[in-house]
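Grab a pencil and work through these exercises with the structure open beside you. Try each task before you read its solution.

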Amino acid sequence: MAKNDVIVELKNIRKEFPGVVALNHVNLTLRAGRVHALVGENGAGKSTLMKILSGTYASYGGEVLLDGKSLRFAHERDALDKGIAIVPQELNPIPEMTIAENIFLGREPMKRKGIINRKERSRLTKDYLASLGLDYDPETKMWKLSVAQRQMVEIIKAISRNSRVIIMDEPTSALTGVETRQLFAQIEMLKQKGIAIVFISHKLDEVYAIGDDVTVLRDGEMISTGLLKDVTQDHLIAMMVGREVKDIYPPLPVAGSEPLLIVKGLSSKDVFEDVSFEIHKGEIVGFAGMMGAGRSEIARAVFGLDRHSSGTIIMDGKTLRIKSPRDAIKNSIAMVTEDRAAYGFVGVRSIKDNIVLPNCDLFSKHGILNVKTIKAKVTDICRKLSVKAASIETLAGTLSGGNQQKLVLSKWLVRNVKLLILDEPTRGIDVGAKQEIYRLIAELAASGIGVLLIASEMPEVLSMSHRVEVITNGHIIGELSRAEATQDKVMKMIVEGRKHNGE
Amino acid sequence: MESNKKQISIASIYRKYGIFLILVLLFVTSAIINSNFLKSQNLINILKQISVVTIIACGETMLIVSGMIDLSAGLVCTMSACFSAGVLASTGSILLTFVVGIGLGMSAGWLNGFLVTRYKLQPFIATLAMTNIAAGITQIYTNGQAVGGVEKIRFLGQGSIIGIPMPVIVMLLAVGAIAYLMKATTLGVHIYSIGGNEKAAIASGINVNRSKRIIFTVSGALVGLAGVVLMSRLMSGQPSVGAGYEFDAITAVIVGGTSFTGGIGTVTGALIGSIIVGLINNILNLLHVSTQYQLIVKGLLIAGAVIIDVKTKANKKSA
């Protein structure tokens with residue numbers, strides 16, 4: 001198929017869920033050999049639209065045209081057979097199987113009925129890998145691969161099915177900078193093959209780096225569609241959020257001078273070494289560094305989620321022995337973990353139950369819960385943090401990402417925490433909710449709470465911290481005051497710090 | 001604030017009221033099919049028959065909701081029944097009978113919990129081991145013979161208060177106590193959160209190991225109590241009665257709407273589940289359906305309950 005030919009057209013798509021219109025009047029045109037960026041806040045309808053295109057939802061209003069012919073996919077398999085593949089955000093390979101086995105799962109080349117031609121499978125896989133310039137061994141087990149490599153396998157799976165449209169949902173969210181550049185090189189190759197790509201990402205600089213066309217969704221409506229080069233980044237953001245976002249970061253209150261947390265020589269074998277830092281009352285200290293540098297691990301050790309082998313943790317002048325989160329919480333330390341669903345809340349239980357969980361001591365006498373106090377306090381904190389839900393009996397798992405995060409914060413703010421550790425507090429939540437959380441962090445600091453903030457997005461750490469600790473390879477390699485800290489400086493320190501360690 | 005109510009699916013209605021509706025439906029059909037069914041003696045008999053298993057089911061509910069299970073309940077119940085019979089026969093003390101019966105159950109439960117928390121054994125494996133240990137101890141103690149001489153316990157097995165048999169009263173007290181424990185105490189919060197998301201419970205400062213040991217121990221106490229009630233109903237310690245009670249109890253729990261993946265379920269549900277199983281057995285008996293067929297019906301019931309459980313989850317995901 002020649003470049004720029006229309007492969008798929010979605011026309012006037014409408015999708016309703018009970019009580020909500022998820023999509024309305026949405027059009028999308030995908031052309032051969034072009035990358036179409038789909039942008040919008042969480043809940044804008046991107047995923048819903050892609051689920052219609054990839055056959056997950058069979059009931060919707062409007063029309064899907066493939067090569068100009070109107071059709072309706074019955075289910076995912078149907079869409080896949082007709083050339084539309086999706087590389088989901090969360091990859092689910094079978095870790096004990098090889099690359100070749102995963103790629104040909106369910107359609108293995110056969111010698112004769114029932115007998116798999118393993119040599120042929122291996123050879124075909126090698127060819128596909130080579131066509132994208134990759135030289136992995138087809139017989140490597142999936143669990144040995146990095147996230148980026150698994151993603152490539154998923155993409156190859158799509159190509160091997162002769163897919164003409166590949167949907168990539170947040171493909172770079174777990175990739176390093178280098179891996180992202182490799183992915184982009186491979187996307188270029190896919191474009192050469194005439195494949196149309198839908199690229200969903202929150203990271204606008206990446207969208208500009210790889211996209212040709214762009215469609216903006218907001219609250220289920222199509223706001224704009226056109227060539228990416230015709231629209232500036234500021235304008236794009238404005239269209240996504242529906243307002244000009246000038247300053248999503250609030251002014252920070254003045255930090256206190258009284259030391260709250262002092263960490264000295266904290267080490268954990270092969271993870272981090274000799275880490276020392278201080279947090280004052282009312283101060284926000286940011287941890288900057290690349291993913292995997294040890295930022296989260298240090299924070300988890302302070303909170304007791306991971307063990308440390310040596311070092312001292314002093315809180316309010318008292319040396320603590322922290323072996324579990326229980327010890328940390330007893331000493332007024334709380335943590336909002338990076339992986340919300342795994343550590344943050346119990347999805348099958350209500351908002352109320354989740355808020356009671358770490359606060360049983362406050363809400364009970366001799367082990368018996370005080371129902372009245374619970375209801376009053378929970379209602380109160382949910383209002384304060386504007387957790388949006390039908391009632392406090394709503395299941396935590398059914399809330400949106402932003403509200404889940406506010407719930408996690410609520411459960412800690414019911415108690416008198418003195419130190420709050422926030423690991424990626426705004427990951428995966430939309431701009432509006434982000435802004436609310438930033439404001440909350442500033443308010444907490446103003447009330448004298450010390451905050452340890454970890455964030456991958458550099459502007460976030462730099463704008464929200466009084467002081468920044470730069471972390472590389474499990475070491476703190478430097479400290480910058482708010483005035484000194486710029487993205488350039490931090491990056492330079494990270495790069496030079498690496499050199500130091502290489503020696 | 002009420003908008004969510006509109007989205008309640010059939011599956012979630014079942015989760016909330018369904019088993020109760022099924023119970024009513026069963027009741028009405030049974031009454032129509034067989035005129036003997038509604039006789040009060042028959043109804044009271046049903047409750048009496050399910051009493052031992054339901055007491056065990058109270059413990060299994062706590063365990064299953066917190067993501068665990070106890071396969072040893074049946075044979076530990078037997079062990080408690082035989083030992084408490086022996087104690088009663090030799091000392092004549094009702095108090096000691098209860099202390100030994102319940103104490104043995106508690107010890108077995110605590111040991112299960114110890115294996116699970118200290119050595120990280122899967123509850124399935126730990127309690128499987130306990131099953132064999134309990135069976136062995138019972139055989140050694142009884143030599144395969146029934147333990148008699150327990151006339152003094154007659155009040156428990158045969159007695160009644162205002163027409164309600166004692167075993168039924170004990171069962172209702174157990175259900176009430178565990179329902180309160182799961183709903184109104186901090187241990188209840190721990191039970192639900194450990195089963196719903198153990199990591200989140202740990203990160204919230206819960207001493208998960210301690211809670212698990214308590215859950216196993218409380219459940220063991222109930223198993224021991226069930227053993228004493230069983231002994232009083234049989235008027236002897238029978239080394240061959242009790243095996244398989246754990247599965248009857250688990251059946252009641254699952255039919256009662258408790259999710260096998262943890263975090264969801266109630267002990268009142270287990271009671272209703274137990275009554276449903278009892279009712280079905282009863283009506284099949286009245287209709288002279290043989291026990292072989294009754295087993296098949298019970299099997300279908302379990303499968304049906306789990307299908308609904310799975311459907312409920314699937315609905316939640318797509319919402």
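**Exercise 1.** Look at the hairpin of strand 4 and strand 5 of chain A: how many residues lie between the strands, and which one takes a positive phi?

*Solution.* This is a predicted model, so we are reading computed coordinates throughout.
- Step 1: Find the two strands. Strand 4 of chain A covers residues 61–66, and strand 5 of chain A covers residues 69–71.
- Step 2: Check how they pair. They run antiparallel and are joined by three bridges; in one place L65(A) stands opposite S70(A).
- Step 3: Look at the turn. Two residues sit between the strands, and D67(A) takes a positive phi near 50°.
- Step 4: Look for another partner of strand 4 of chain A. Strand 1 of chain A (residues 6–17) pairs with strand 4 in the antiparallel sense, over five bridges. Here V8(A) has L66(A) as its bridge partner.

**Exercise 2.** Now find the hairpin of strand 16 and strand 17 of chain A, and say which residue in the turn has a positive phi.

*Solution.* 
- Step 1: Strand 16 of chain A spans residues 310–315, and three bridges join it to strand 17 of chain A, with the two running antiparallel.
- Step 2: Pick out facing residues. I313(A) stands opposite L320(A), while I314(A) has T319(A) as its bridge partner.
- Step 3: Go to the turn. There are two residues between the strands, and D316(A) has a positive phi of about 55°.

**Exercise 3.** In what order do the strands of the open four-stranded sheet of chain A lie, and which strands are at its edges?

*Solution.* 
- Step 1: Write down the order, which is 14-13-16-17, with antiparallel pairing.
- Step 2: Look for strands that pair on one side only. These are strand 14 (272–280) and strand 17 (318–320) of chain A, so they are the edge strands.
- Step 3: Note the twist, which averages 20° from one strand to the next.
- Step 4: See what packs on this sheet. Helix 9 of chain A (residues 295–303) touches strand 13 (259–268), strand 14 and strand 16, and its direction makes about 70° with that of strand 14.
- Step 5: Go inside the sheet. Strand 13 and strand 16 of chain A pair in the antiparallel sense over five bridges, with L261(A) opposite M315(A).

**Exercise 4.** Chain A also has an open sheet of six strands: what is its order, and what kind of pairing does it show?

*Solution.* 
- Step 1: The order reads 18-21-22-15-23-24, and the pairing is mixed.
- Step 2: The edges are strand 18 (333–336) and strand 24 (475–481) of chain A, each pairing on one side only.
- Step 3: From strand to strand, the twist averages 20°.
- Step 4: Zoom in on one pair. Strand 23 of chain A (residues 467–472) is antiparallel to strand 24, with six bridges; among the facing residues, R467(A) has S481(A) as its bridge partner.
- Step 5: Find the helix across the sheet. Helix 15 of chain A lies across strand 18 and strand 21 (419–423), running at about 175° to strand 18.

**Exercise 5.** Are helix 15 and helix 16 of chain A roughly parallel or roughly antiparallel to each other?

*Solution.* 
- Step 1: Read off the geometry. Helix 15 (residues 401–413) and helix 16 (residues 431–446) of chain A pack at an angle of about 15°, with axes 10 Å apart.
- Step 2: Angles under 35 degrees count as roughly parallel, so helix 15 and helix 16 of chain A are roughly parallel.
- Step 3: Identify the contact. G402(A), Q405(A), K406(A), L409(A) and L413(A) in helix 15 meet A433(A), E436(A), I437(A), L440(A) and L444(A) in helix 16.
- Step 4: Sort those residues: six nonpolar, two polar and two charged.

**Exercise 6.** Switch to chain B: at what angle do helix 2 and helix 12 cross?

*Solution.* 
- Step 1: Helix 2 (residues 40–65) and helix 12 (residues 267–286) of chain B cross at roughly 140°, and their axes come within 8 Å.
- Step 2: That angle makes helix 2 and helix 12 of chain B oblique to each other.
- Step 3: The crossing of helix 2 and helix 12 of chain B is right-handed.
- Step 4: The contact includes I46(B) and I50(B) from helix 2, and L271(B) and I275(B) from helix 12. Its residues divide into 11 nonpolar, six polar and no charged.

Methods:
Residues numbered from 1 in each chain as written. Chains lettered and ligands numbered in written order. Predicted model: local features only at pLDDT ≥ 70, side-chain atom pairs only at ≥ 80, totals over all residues. Heavy atoms only, no water. Pairing = 2+ DSSP bridges. Axes fitted to C-alpha atoms, helices over the stretch in contact; angles between N-to-C directions. Contact = heavy atoms within 4.5 Å. Parallel < 35°, antiparallel > 145°, perpendicular 65-115°, else oblique. Nonpolar A, V, L, I, M, F, W, Y, C, P; charged D, E, K, R; others polar. Left-handed = near helix turned anticlockwise from the far one by under 90°.
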